[in-house]
Amino acid sequence: MASVVLIGEPMGLFRAQEYGAVKDVLRFTRSVAGAELNVGIGLSRLDHKVKYVTKLGVDPIGEHIVDYLSNEGMDTSSVLFSDNHETGLMLKNKVSDGDPVTAYYRRYSAFTTLSIEEIKNLDVESIELLHITGIPPAVSFSVREAIFYLMKKAREAGTFITFDPNIRPSIWESEKTMISVLNELASYADVVLPGVAEGKILMGSDDVEEIAQFYLDHGAQVVITKSGAHGAFVTEKGKETVNVKGFKVDKVVDTVGAGDGFAVGVIHAYLNGRSWTDAAVYANAIGSLQVQHSGDNEGLPTRSRLESYIANYS
């Protein structure tokens, strides 16, 4: 039985092996990418049982993704397939400085057709935690309905819920809708993981205390706000905010996946009965490992690697 359930869209990733614009690159390396996928891989490497819910095309990329999930130790029994739509793809260029440019091909992917009917029998009562990000509800209205249904069902069942807004303005139909939907979804979560910049967009302030209070007022028990080099700010209901310093990184290689690594640390700590301050330490540690590697999940550590990294840093 899985300890954690994740729902999201894994995509085939083709990463450039030479510098330059995507249109000019001739050589790519195939991999797999996706925010929820990264969280799943991170938790599986830390020895947690993870069920991944998604919908893929009946195509070579979809088959590769299932193999990839299985090889990372995840439960793929809830992976669905579409005969009429293909698996999403993304191309990423190689850069020596700053973040790479990514081209997405997901608008009519198999995952965009996921519906309530297809996930209504998913067991959320016997799991320890449901993790949701703000990306799936942006890709289509039917997926949005499914996410709302799942979060409400989990809330009613008393399942612990973590929510990462993970905003992607470019895939929403409007900023107004994005703000409304993400803040409503956050109201069903026990823990919300906004970034300072996300707070500015979603509730109008980049003040850590104001961001935390907004989500506490809307139903969260804990808000852990990401603040880059300033680390994370932990605000539990009825307690003062605690700043947990980040880990110093000499060279940032790629920031993609850092927020996913952060979520992994928070969930890992919760599943191990640690404090929320400890959760922020784990989160900061994994986030810092992520940015020191290229790709979406190459920096995600094993349990022994994580503990050693934290101990050596301290």
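**Entry 1**

I looked up D207 and placed it in the loop between α7 (196-203) and α8 (208-217); helices are DSSP runs of H or I with at least four residues, strands are runs of E with at least two, and both are numbered from the N terminus. The model is predicted, so I noted that local features need pLDDT of at least 70 and side-chain atom pairs pLDDT 80 or more, while totals for chains, interfaces and linings use all residues. Residues are numbered from 1 along each chain as its sequence is written, and side-chain values use heavy atoms, without hydrogens and water.

I found D207 partly exposed, with a relative accessible area of 34%. Buried means under 20%, exposed over 50%, and partly exposed in between, with a 1.4 Å probe and protein chains only. D207 belongs to a surface patch of negative charge together with D206, E209, E210 and E240. Such a patch takes residues with over 30% relative accessible area and no salt bridge, like charges being joined within 9 Å. Asp and Glu count as negative, and the charge is placed at CG of Asp or CD of Glu.

**Entry 2: The sheet**

I traced an open sheet of nine strands with mixed pairing, in the order β5-β4-β1-β8-β9-β10-β11-β12-β13. β5 (79-82) and β13 (242-244) are the edge strands, each with a single partner, so one side of each has no neighbour in the sheet. Strands pair if DSSP finds at least two bridges between them. I noted three bridges between the parallel strands β1 (residues 4-7) and β8 (residues 129-133). L6 has H131 in β8 as its bridge partner.

**Entry 3: Salt bridges**

I counted 12 salt bridges, each a side-chain nitrogen of Lys or Arg within 4 Å of a carboxyl oxygen of Asp or Glu.

I examined E72 and R45, whose closest N and O atoms are 2.9 Å apart. E72 lies in the loop between α2 (60-71) and β5, and R45 in helix α1 (residues 35-45), so the pair ties together parts 27 residues apart in sequence. E72 is buried at 19% relative accessibility, whereas R45 is partly exposed at 22%.

I next examined E118 and K55, a salt bridge with closest N and O atoms 2.8 Å apart. E118 is in helix α3 (residues 116-119) and K55 in strand β4 (residues 50-57), so parts 63 residues apart in sequence are tied together. E118 is partly exposed at 32%, and K55 is buried at 9%.

Key. Patches are made of residues with over 30% relative accessible area and no salt bridge: like charges are joined within 9 Å, nonpolar side chains (Val, Leu, Ile, Met, Phe, Trp, Tyr) within 5 Å. Accessible areas come from the Shrake-Rupley method with a 1.4 Å probe; for residues, only the protein chains shown count as cover.
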